[in-house]
Structures are given as structure tokens and as C-alpha cells.
Amino acid sequence: MMGADGVVKASSAPTVANARLGDGSVTTPKIADINVTTAKIADSNVTTAKIADSNVTTLKIADSNVTTLKIADNAVTSDKVTPTLAVGIPTTVISSSATAAANNHYFIDTATQTLTLPASPTAGQKVSVTVGNFTDTTVARNSENIASLASDLIIDVANLGVTLCYTNASRGWVIL
């Protein structure tokens, strides 16, 4: 109901039936920021097709809101996650020669590849290497010693994994 001052009184505000609204008459600028709430959205009305690309970002997802029950079956594949060793070291699968980053694990899945150790390592940094079913992987020393020797490490045992830890300029990388 309209008051004498021309303002609609909340207690007697008129209602608008859907039949009175013309197509396109309710637009985004006409909706106040706080007026569309979860309670006012009918179940199943927000669908993937209705969400614009890039509207859902990591910053807009509240902590602990993506749970196992909310992830569709088969939606998470090995390509979408970084696998880790039991101790929490990120694992990278490589099929061609590469340079390692400190404190990472590399699974080499293709024969005759070279993994080059990081340049300018510091004491305590580690690199783990696991090879597939072949015997010709090179771990290049990148100018630092490996086990006190100025030579590369050749992994000549199939399906072997080693961890190297940098100690100092004299001993270089030691095998754990």
C-alpha cells in the first residue's frame, strides 16, 4: 500500500505475480545485491550451463567446501593431481630428458633419458629418482660431485629408485 508520502509501506507492500512481469523486465541492475539469497533459489536451478566461464575461481570457494561427496565419480584423474610419495614429496613423471628441482621425485618412464641435478644446490636438498623397466638412465651431476666423484650416475638396474642428498662441494650429492 502506498503511503501519503509516496513510499510503499513494508507492512502493506503490494505483491507482484509472475503474470504481471514482462519477459526481460527483471534485469541485474534492478536487483539489489542482498536480495538473491540461497533460500530464494529453487533446488536444481543453478546449473553448469548457467554459470559463466571463469566465474567460479579458487578465491571464491570457501575453505573445506569441496568434499569427496561433492566431486563427481571419475572427475579427478591422475592428470589433475600431483602425486606424492608417502613422505609428501611431489612426483613428476618424465618421458624425456629434464632438469630436476630440489626436493622432488622423478619417475622416468622412458629409456635412455638424462635427469640433470639442480644447479647451485644447498646442503640438505634432495632429489629422488625412480626408473622404469630399463637400465640406461643417466643422472647428470651438473658440475657438482656425486659420491665425491666428478662423474655422472648411471642407473643400470631396472625399476630402481634412489634418493640423492646434497652435502657439500667436496662430497656433493650422496646416495641415501
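Predicted model: local features only at pLDDT ≥ 70, side-chain atom pairs only at ≥ 80, totals over all residues.
View 1. Together they give us the structure's one aromatic pair. The ring centres of Y166 and W173 sit 5.5 Å apart and the planes meet at 70°, which means the pair is edge-to-face; the cut-off for that label is over 60 degrees.

**View 2. The open sheet, strand by strand.** Five strands make up this open sheet, and reading across you get β1-β3-β5-β8-β9, with mixed pairing. At the edges you'll find β1 and β9 (172–175), each of them pairing on one side only. Going from one strand to the next, the twist averages 25°.

**View 3. Zooming in on β5 and β8.** Here are strand β5, residues 126–131, and strand β8, residues 161–168. The two run antiparallel, and five bridges join them.

**View 4. A nonpolar patch on the surface.** Now for the outside: L21, V26, I31, V36, I41, V46, I51, V56, I61, V66, I71 and V76 form a nonpolar surface patch. Taken together, these residues have about 980 Å² of accessible area. One of them, V76, lies in the segment before β1 (91–94), and β1 is one of the edge strands from View 2.

Notes:
Residues numbered from 1 in each chain as written. Heavy atoms only, no water. Phe/Tyr/Trp six-rings, centres within 6.5 Å; stacked < 30°, edge-to-face > 60°. Patch = residues over 30% accessible without salt bridge, like charges linked within 9 Å, V, L, I, M, F, W, Y side chains within 5 Å. Areas by Shrake-Rupley, 256 points an atom, 1.4 Å probe, with all protein chains shown as cover. Salt bridge = Lys/Arg side-chain N within 4 Å of Asp/Glu carboxyl O. Helix = DSSP H or I, 4+ residues; strand = E, 2+ residues; numbered from the N terminus. Pairing = 2+ DSSP bridges. Axes fitted to C-alpha atoms, helices over the stretch in contact; angles between N-to-C directions.
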